[in-house]
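Here is my note on the two-chain model, as numbered points. Please read it with the coordinates open.

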Amino acid sequence: MKKLLVYFKGYGRDAVLAPLFKLFEATLELFVPLVMAAVIDTGVAAGDKPYILKMGAVLLLLGALGLAAAITAQYFAARSAVGFAARLRHVLFRKIETLSFSELDTVGTATLLTRITSDVNQVQTGVNLALRLLLRSPFIVFGAMLMAFTVDAKCALIFAAVIPLLSLVVFFIMFATIPRYRKVQQNLDGVLGKTRETLTGVRVLRAFAREEDEAEEFAEKNENLLHMQRFVGRISALMNPLTYVIINLAVLALLANGSTAVDVGRITQGELMALVNYMLSILVELIKLANLIISITRALASAKRIGAVLELPEDNLAMAKAQGEASLPEGDAPAVAFRNVSLTYRGAGDASLENISFTVQKGQTVGIIGPTGSGKSSLVSLIGGFYEATEGSVSVMGRDVSLWDAAALRRLIGLVPQKAVLFKGTVRDNLLFGSEHASDAALWEALRAAQAEDFIRKKEGMLDAPVEQGGRNFSGGQKQRLTIARALVKQPPILILDDSASALDYATDAALRRSIREMPGSPTVFIVSQRTFSVLHADLILVMDDGKAVGAGTHSELLSACPVYREIYFSQFPEEAGKEGK
Amino acid sequence: MKQPKKTDMRTLRRVLKAIRPYRVFLVLSLLLAACTVALTLYFPILTGEAIDLAVGKGNVDRAGILSLLAKMAAIVGLTAMFQWLLSLSNNRIAYSTVRDVRNAAFRRLQTLPLSYLDAHPHGELVSRIIADADQFSEGLLMGFTQLFTGIITILGTLGFMFSLNWRIALVVVVVTPVSLFVASFIASRTHSMFRLQSETRGEQTALLEEMVGNQKVVQSFGQEEKVLARFDEVNERLRKASLRAIFFSSITNPSTRFVNSLVYAAVGITGAFSAIGGAITVGGLSCFLSYANQYTKPFNEISGVVAELQNALACAERVFALIDTPSETPDAEDAAVLSDPKGDIAMENVSFSYDPERPLIENLSLEAKSGMRIAIVGPTGCGKTTLINLLMRFYDVSGGSIKVDGRDVRTLTRKSLRTGFGMVLQDTWLKAGTVRENIAMGKSDATEEEIIAAAKAAHADSFIRRLPRGYDTFIGEDGGSLSQGQKQLLCIARVMLCLPPMLILDEATSSIDTRTEQHIQAAFARMMQGRTSFIVAHRLSTVREADLILVMKDGSIIEQGDHETLLARGGFYSELYMSQFRLQ
């Protein structure tokens, strides 16, 4: 929580004013029992009606001032709590945007989503209540004790004994519940994860007629959540009865001692009544404080979880730390060079890439081929600095990746990921992702090159045709071509197609590669593929197997020198194998 | 203003229906609340009596006070116990209700038509089941704890006050409605603000779901700033909406508290006047004053509760709207169970479109005899995926019919129809669970041997064994750290285990390297033996052996026949086929 306090900046004044106005209101309230005591001891005893009316007016004045102070306080409290929460969401979202791919892999989307939604809400509620009541309640409690001392020191000692006892009870319950509320939240995470899962996997689940099982699994997670909630509920339900007992026993003690004091003439009847009133006002405040503490406990648990996200290590190439070199290096350095690069993912035992070295000149086309899980995607992820090499170095345009300004580096690279992802919006929005200022003509050109022109032309609204969430209104192949077009719009000097033409037929695939070759500025192209057909013409073909480069060269070189390559090639072109055999 | 009231009433009735199973606890809560209140109200009377026994110097009845104190101590103990039980009972109602609501909502997700799920952002649906249900339960919890006690306190206090001194009681009764008026005035103004807040929050969650879920793409396009700007725009709107809703609803408390001080002052003055006239004792006045506090306090709380309930109601409205969305047309009453289908599939004059204004598939007919291997080829976007949606009955045809074994699929139960198909989609999806659970998805009683055999058949066994815990390795959300190809192998193993009589393979091998693919092809060939199979694939080599090739374009079949015939015809298919050589 402490770490989050910095985000109050700008709302600091509000956060101070809110409790101040609340304290002012509380002070006014503390005078009420004294005024009533005066009414009884002076007004009623002497039968002085004008005096009683005067005191009545004082009571009204206290109330009116209290109203004004309270509304002001509520406003400041709401403004700072809501502002604080909005800022937390902003900071969290920004943080998520700076997380490295490795962090995103380990933390997971569901967790990040609950933190930025329901956790922030809990914090907002907690802060709002805390600003309004956290100072007010103890203030009234101690204020009532002080007032009691002004009435009668001996009776006030009862207050002095009761307050620590109450604090003890309150804190005990608080410490017992905090960790359990965290468990409740974890259980809620499980329920949320299950909900998301059933939505994303709905087709498969229905195909396997798993609806019933899914509902049962959900019910089980839900049941666990319920048990945890009820368990915590049982503990925190102790708060009210315990405090009630303590306070009222204190009232009994006051009456016993107070009546003796009245008997010896140390205090008046009106003052005894005031003492009882003060004790009871402590109870009212404590009930508020107890509810407040429950909210704050939850808020603190949430704040801790938010803090945990904010403390995640950032991608050292990401936005937040964009302090490397941004300008394009001069000279004719190779576009991309790998020197003895190895990569081991966090938490993984074995290296995903081992000792990879190769150099690519500007304008060349590189094909990367190999079995599933051989490290092809890992290899190209290193070019954009999305993961960090565990050993060796990767340089782009002659500069080591770690020395680049991340944004500038990623501007150089057009990446088409394996999984075709489109965003909700229009086709144009999606194409402009990454190159805001491109003209419509440029967009059409990219669509043409990506072999997507035809079907977009047929869409109603064309560039303005809507894209539903996840691009659901496009087929797999259309999505792939749109993601390719999106990368082409950038006119990147380095283009990486990470197995992104897999859903395209051969003709489209071939046409795509031809138009990329003809693109202005002749980009350096990396084609990751399973099919030899897609990489045949590359200037350099890297053959990956189990994280190692088992072959590098042109098609004809590899065909004669690399057995893995031969095997792949002939499996796809059996006719060629036949010819070879003859 | 009238319209929202009506929906509120409907939602309220829905909420009450949801609470029904807990009516025993509801009654218990009411009883406990009544007992707690009665005892709480009795206490000040005794306090007043005690004060009356201490009139002044040398005028104190010690013995009387002591016996009163003993009685009060007993009452305090009882009250505390009732309070505790009351909280427990309330918790039970609220938590159980939200569990029921979540279960119902989740169950509904399982039966909603895909057209609904495809059209609603997942984030928004998740937010209804999680956040809205939570807010709704919290509102409910607060409502229960405070609304009952509040109302009973008001009634009880009134009774005690009138029995003590009806004139002062009358003063209280006249002034207090102001409090109610203020509270309901504010509540009616804030309802729409809470709804706006709830809607904006849903919008933000949808954006988050999309952008956090696809964060890698956002980062690789360097779009962090731009996306952040979009987020900030929604965030700012949410801030404003929240501020309005929270501030205006929080005025309620101070306002009713002010009314509270009005009542207090009025009781103080009239009480003091009565005391001068001797109509009431000082202890009686003290008792009245604490009643005046207790009487108005529930008004404050109720108004607080009203604000909370408003919010809870807005959330409940969204949750119940989901629960009450009609499910897919249920299976016909007399729907038959498709058992041991032979696998004859016929589509007769089928037409279908997602959007009535843009026809997609029109007048499509085809016949697949049992055991036939049908390859569907064609340019991307030609309607292949849609064909699968129809075969699996994820969507219903809008014209014509689809028949399996000569029976219209609409006369069969969906469950039996779907389990008759084995499906491997291009979008690999795995559930969070162990590898074993994933493979056994379609056959939960599969033996270890069967599971391993299926994995072996899909060539997944060797990589599974290399995972840290083998078949017990837990796969996280969305396949976790598995590669795309490994995920696909698991999806294939999943189908291998069930071996249904009809297969749908949607570009199933697109992410698997060709060496592995060859083995899989062999396994597939074995699997397809005697099974009707639809294969959507772009690798012409895999479709060459098909019995029937359907060449699709723009939603209709433009050519059909086997490889040789189609090549000989020199049409679209042969162009597609030759293109891979022409470009070399």
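**Notes on the predicted model**

1. Start with B:Asn349, which sits in strand 3 (residues 345–352) of chain B. The model is predicted, and this residue deserves a look in it. Phi of B:Asn349 is near 50°, a positive value in a residue other than glycine. Most residues other than glycine have a negative phi. Is B:Asn349 buried or exposed? B:Asn349 is exposed, because 12 other C-beta atoms lie within 10 Å, and the cut-off for exposed is 12 or fewer.

2. B:Asp405 is a second case. Its phi is also a positive value, near 50°, and B:Asp405 is not glycine. B:Asp405 belongs to the loop between strand 6 (399–404) and strand 7 (407–408) of chain B. With 16 other C-beta atoms within 10 Å, B:Asp405 is partly exposed.

3. Now the overall make-up. Chain A has 21 helices and 12 strands. Chain B has 21 helices and 14 strands. In chain A, 54% of the 582 residues are buried. In chain B, 54% of the 584 residues are buried.

4. Contact range comes next. Take contacts in chain A between residues at least 6 apart in sequence: 78% of them join residues at least 24 apart. For chain B, with the separation again at least 6, 80% join residues at least 24 apart.

5. How many residues of chain A are in contact with chain B? The count is 140 residues of chain A, against 140 residues of chain B. Helix 2 (residues 49–98) of chain A gives the most to the chain A side, with 25 residues. By class, that side of chain A holds 70 nonpolar, 43 polar and 27 charged residues.

6. Helix 2 of chain A also packs within its own chain. One partner is helix 1 (residues 12–46) of chain A: the angle is about 165° and the axes are 8 Å apart. Helix 1 of chain A is therefore roughly antiparallel to helix 2 of chain A, since angles over 145 degrees count as such. The crossing of helix 1 and helix 2 of chain A is left-handed. Their contact has 23 nonpolar, five polar and five charged residues.

7. Another partner of helix 2 of chain A is helix 4 (residues 109–134) of chain A. The axes of helix 2 and helix 4 of chain A come within 9 Å and cross at roughly 155°. Helix 2 and helix 4 of chain A are therefore roughly antiparallel to each other. Here the crossing of helix 2 and helix 4 of chain A is right-handed. The residues of this contact divide into 17 nonpolar, four polar and three charged.

8. On to the sheets of chain A. One is an open sheet of four strands, in the order 2-1-4-5, with antiparallel pairing. Strand 2 (353–360) and strand 5 (399–400) of chain A are the edge strands, and each pairs on one side only. Strand 1 (residues 336–343) of chain A is joined to strand 2 of chain A by five bridges, and the two run antiparallel. A:Phe338 has A:Phe358, in strand 2 of chain A, as its bridge partner. Helix 11 (residues 376–383) of chain A lies across strand 1, strand 2 and strand 4 (391–396) of chain A. Helix 11 of chain A runs at about 125° to strand 1 of chain A.

9. Which residues of strand 6 (residues 413–416) of chain A lie on each side? A:Ile413 and A:Leu415 are on one side, A:Gly414 and A:Val416 on the other, and all are buried. In a regular strand the side chains alternate between the two faces of the sheet. Strand 6 of chain A runs parallel to strand 9 (residues 494–498) of chain A, and four bridges join them. A:Leu415 stands opposite A:Ile496 in strand 9 of chain A.

10. Chain B has an open sheet of six strands, in the order 8-11-12-5-13-14, with mixed pairing. Strand 8 (421–424) and strand 14 (556–561) of chain B stand at the edges with a single partner strand each, so one side of each has no neighbour in the sheet. Neighbouring strands of this sheet are turned by 15° against each other on average, direction ignored.

11. B:Lys553 has B:Ser556, in strand 14 of chain B, as its bridge partner. Helix 12 (residues 384–391) of chain B lies across several strands, including strand 5 (373–377), strand 8 and strand 11 (502–506) of chain B. Helix 12 of chain B runs at about 150° to strand 11 of chain B.

Note on methods:
Residues numbered from 1 in each chain as written. Chains lettered and ligands numbered in written order. Contact = placed C-beta atoms within 7 Å. Nonpolar A, V, L, I, M, F, W, Y, C, P; charged D, E, K, R; others polar. Buried ≥ 20, exposed ≤ 12 C-beta atoms within 10 Å, placed from the backbone. Pairing = 2+ DSSP bridges. Axes fitted to C-alpha atoms, helices over the stretch in contact; angles between N-to-C directions. Parallel < 35°, antiparallel > 145°, perpendicular 65-115°, else oblique. Left-handed = near helix turned anticlockwise from the far one by under 90°.
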